[in-house]
Structures are given as structure tokens and as C-alpha cells.
Amino acid sequence: MTKPLVSLRNAGKIYRNGTVALAGLDLDVRAGEFLTLLGPSGCGKSTILRLIAGLDSVSSGTLTRGFSQARGNIGFVFQDPTLMPWASVFDNVFLGLRLQGISRHDAAPVVNDMLALVGLGAETAAFPRELSGGMRMRVSIARALVSRPPLLLLDEPFAALDEITRFKLNDDLLTLQGALATTIVFVTHSVYESVYLSHRIAVMAARPGRIVEEIAISAPSPRGQAFRTSAAYADACAQASQTLQNAMDEVLK
Amino acid sequence: MKPFGAAWGPPRWAVRYAPPILVFLAVLAAWEAYVRLRHVPPYILPSPTLVLETLGTDRGILFPALLVTLKTTLSALAAAVLGGVGLAVLFAQWQWVERSFLPFAIVLQVTPIIAIAPLLLIYLEAPMAVLVCAFLVAFFPILSNTALGLASADRNLIDLFKLYRATRWQTLIYLRLPAALPYFLGGLRIGGGLALIGAIAAELAAGNAGKGAGLAFRIAEAGYRLNIPRMFAALALISLAGIAIYAALAALSAALLGHWHDSAAGPER
């Protein structure tokens, strides 16, 4: 069996104010998979992403990475597009490469290719304020993927978007994963989105944050409208929804 | 042809500038009428036309003085930008610098410049003392606004820079400085006005000490001679200088922020 890309063992996170965000967490992220962390607000989903990204450290247990932590090896997409408003679309996507010391001239083909891949090839000179919410999120995804990281972390990236844009970006994200063979860890509290996108769903409960069940989604790729309307999709949604409900009931007991 | 449903109205520049211009002209007309109808002598209150006439007749005295004041103001503002931005950057990079220097910057800010000016005039040559006074009042708003801007960069972007393992200086250049630009420009606009006020206050103090060459000195001198029209003419020049500085800095803000920041961009998105 291949070594996981990221492995958390009995991991815990306690913040300075004493809040126990995570406790006894065991989770493997396998190369090439689309893993979704599904759970209610405050269950520690975003904390797991921050731990994996190295933006925070575990308070107990271990976190090991099966890849180098060199610059550009992890892409991160936040809930908000988090673009630099003073910079053009090109310069926003160029950021990671610029920080690696790559010149604009050398980076231009890579940046332009990535922008074309997310459907923004004609918007390179635009500024974020001139773009729609969906387009800004595409820029954010392009920025995260421009260095072709082996691991992409997305923290509820589509939560603030309308449903039509969200469906479109769901499909685009799956296409990008297929094209770039990137491992994705995706955070959401939408059961439907998690089932549509994932190979595997880790359902979480709060207080303290922990994984209560893992659900494998066996539907083949590429997925599309046919999958959204299939019985398999409905069954998987029902299962994930029930598991999530059980997890929330357990917390309320 | 206007599209169907498009609202008719005067041009935008007229909507923006016509009301204050009309109010200003109305005040001048009322002032002129009052002076003429009540036969108010010019050593009590000169009419606007007399003030305008004095601007022409005394131009050999007033305009060189205006140049002196403007030179002092702009030199002080330039020094305040260099000092304020430089110190704010040091604050952002090393907290011990902020802890060490901020109290002194606040002491300078809260001490009235009119109380400092006579002391400076003892220790420095008059032009240098005036320059230092103007610098002191312009410095703090630029420092505090820029420091606030440098500390206000988006937390997620700061995390992103950490994730990309950006160096401290990369984070400063590519994130903190651009994020601080609107704050700095806000401080610059305040500092521009204050530099003029500081220069005028210090010139008045210098004038009282019998030294000086700026507009405020000319006001004090004209006051001693009861030349009230010249006082008003000098005052008008000071106001115009202040408006010009503000307009120039507002134009700079629009040029630097117009394409990305909501404070300078138009209503269209």
C-alpha cells in the first residue's frame, strides 16, 4: 500500500483560549483522491486544513507529510477569493511563482495556461473588482494550482456563490483534478456538494472536532448531470445526510 | 441619442462643482453689497473687489511670500512622508522599534506646535525652525495611518504568504505596502493640510520674533500697519494654497487607487 500524502494520528488541537478544536483525530489523505471533510460549523474542518498546510501545528498526536514542504507544494483556496485587489488577474495568479523568484517573463506561459484552463484567458489584465464572484473564485483556484502542487486544500470555496455558479465550479474543479492529477482536500457543509465531488467523505462532529465516519463514493469519473440525477447519488446523499444528522444529535445529547 | 429610460440631467461635473461655486459667489456678493451699502471703511472690512485689487497691487510682496510658505510646506511634507513611512515600515517589521519610538511620536503629536515653535526659533535659524514645525504636525498622521495600513493586510493573504514561505521583505513589498497605500494616502491628505497650518503657525511665531518671510509673516506685518486689505489678500492666498494642496493630493489618490480601491473608484462595478 502506498504511503499516504498526509497522515494525522491521534491529532489534537487546543487553542490558546482553551478551546479544544480537535481531539483524537486519525485521518489519511491518499495520493490522487478527492477527500471531503463534511460537518457542521465549528467542528474543526478548517483547522484540519490549516494543520495540513502548516499554518498551525498540532497540540498533541502527530502529522506527517509524504511530500516535500517546498514552496508551492500546497495550494490553498479560502472561503473568500482572497485576491490582492491592487493586482491584475495575471499578477494574482503569478504571485506564488514570483515569490519563488521566477521572473514574469518565464512565468507568463504557465500563468496564461492556467488562466486559460480555468476559463479566464481573456481576463488577464482585469482587476478583481471588475470580476463576478465566480470569476474571482476561478482566479483563486488558478493561483493555488499554478505551481502544480501535489496537494490542493479548499476551505468552503463555493459557500458564498449562487447555485448555478456553484454547480459549474464543481464540474470545473473535477475537470481540473482530472487534468492535473492533484490530490484535493475539500471542506464543505453541503451534503450534496460533498457527494458529487468526492471519492471519500470524512463526516465530522463537533465539541471536540473528530471524524465519526468515512463514506466512500464509488461513482466513476467523470461525473456530470447524469450522476446528479441518479439513484446512486440520491442514496449517497441520504447516507451522508443521515451520518451527519447522527453526528449532530450525538453532540446535542 | 439617449437610450430609452436613461435619466436626463446636467453633466456630472456641474452637479459636483456648481453648488459650492454658487454658494461661494453668493457669499462674496453679499459681502460686497454689505460693505458698499453700509459704507464700511476698508480698515474695518475691505470689500472682495478691494481684496482682489490688493492681490494685484501687492503682488510683489505677497507672491514671493507665498512661494516661501509653499516651499516650506512641501519640503516639510516630503520629509514627513520619508520619516513617517520609513518609521511605519520599521514598526511593521520589528515590534521593538514600535515599542521604543511610538511614545515619543505621540508626545510630539499631542504637544501644541504653537508652544514648540518659540523654542525651536531659539535653537534654529528661522527658516529651519518653520520647516521643523511644519514637519512635526504633518509627520504623525502619515506615520499613524501608514502603520495602521501596514497592520491591516488581509489575514488570509498573510496566511497565503506564509504558505508560500515568503520572506519578511517579500511580504512587505508585495502585500503590506500595497495594502497600506489607501491608508497612507489618507494620512498624506491630512498631513498636507497640517503641514501648511504648521508652517503658518511657525511663521507667525517667527514674525513675532521679528524674523520671517512667509505669508503669515506678511499677515502679521500688515496687521501692525492696519493694512487690512493686504491681510485678507494674504489669507486668500493661504486658502488657495491649501485648496491646491488638497486637490493635488486627491488627484494623486485617484490616480493610484482609481483602478482598484472603492474609495477612489466610481460607482460602477
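Author: Please keep in mind that this is a predicted model. The largest nonpolar core has 147 residues, and those that touch the most other members are Val93(A), Cys133(B), Ala134(B) and Ala138(B).

Reader: And which helix gives the largest share of this core?

Author: That is helix H8 of chain B, residues 168-208, which contributes 19 residues to the core.

Reader: Let me pick Ala138(B), then: what does it touch, leaving out residues up to four places away in sequence?

Author: With those left out, Ala138(B) touches Ala76(B), Leu77(B) and Ala80(B), and it also touches Gly191(B), Leu194(B), Ala195(B) and Gly198(B).

Reader: Switching to helix packing, at what angle do H3(B) and H10(B) pack?

Author: Helix H3 of chain B (residues 59-93) and helix H10 of chain B (residues 228-257) pack at about 35°, and their axes are 11 Å apart. The crossing of H3(B) with H10(B) is right-handed.

Reader: Which residues meet there?

Author: From H3(B) there are Leu62(B), Leu66(B), Thr69(B) and Leu70(B), and they meet Ala233(B), Ala234(B), Leu237(B) and Ala241(B) of H10(B). By type, the residues of this contact between H3(B) and H10(B) are seven nonpolar and one polar, with no charged.

Reader: Now the chain contact: how many residues does each chain put in?

Author: Chain A puts in 16 residues and chain B puts in 17 residues. On the side of chain A that touches chain B, strand E5 (74-77) and helix H2 (89-99) of chain A each supply at least two residues. That side of chain A is made up of 10 nonpolar, three polar and three charged residues.

Reader: Last topic, the sheet in chain A: what is the strand order?

Author: The order is E2-E1-E4 in an open sheet of three strands of chain A, and the pairing is antiparallel. E2 and strand E4 (60-65) of chain A are the edge strands, each pairing on one side only. On average, neighbouring strands of this sheet are turned by 20° against each other, direction ignored.

Reader: How many bridges join E1 to E2 in chain A, and how many pair E1(A) with E4(A)?

Author: Strand E1 (residues 6-14) and strand E2 (residues 20-29) of chain A are joined by six bridges, with Leu25(A) in E2(A) as the bridge partner of Ala11(A). E1(A) pairs with E4(A) over five bridges, and there Val6(A) stands opposite Arg65(A).

Reader: What sits between E1(A) and E2(A)?

Author: Five residues lie between these two strands of the hairpin, and Gly18(A) in the turn has a positive phi of about 95°.

Conventions
Residues numbered from 1 in each chain as written. Chains lettered and ligands numbered in written order. Predicted model: local features only at pLDDT ≥ 70, side-chain atom pairs only at ≥ 80, totals over all residues. Contact = placed C-beta atoms within 7 Å. Helix = DSSP H or I, 4+ residues; strand = E, 2+ residues; numbered from the N terminus. Nonpolar A, V, L, I, M, F, W, Y, C, P; charged D, E, K, R; others polar. Core = buried A, V, L, I, M, F, W, Y, C linked by C-beta atoms within 7 Å. Buried ≥ 20, exposed ≤ 12 C-beta atoms within 10 Å, placed from the backbone. Pairing = 2+ DSSP bridges. Axes fitted to C-alpha atoms, helices over the stretch in contact; angles between N-to-C directions. Left-handed = near helix turned anticlockwise from the far one by under 90°.
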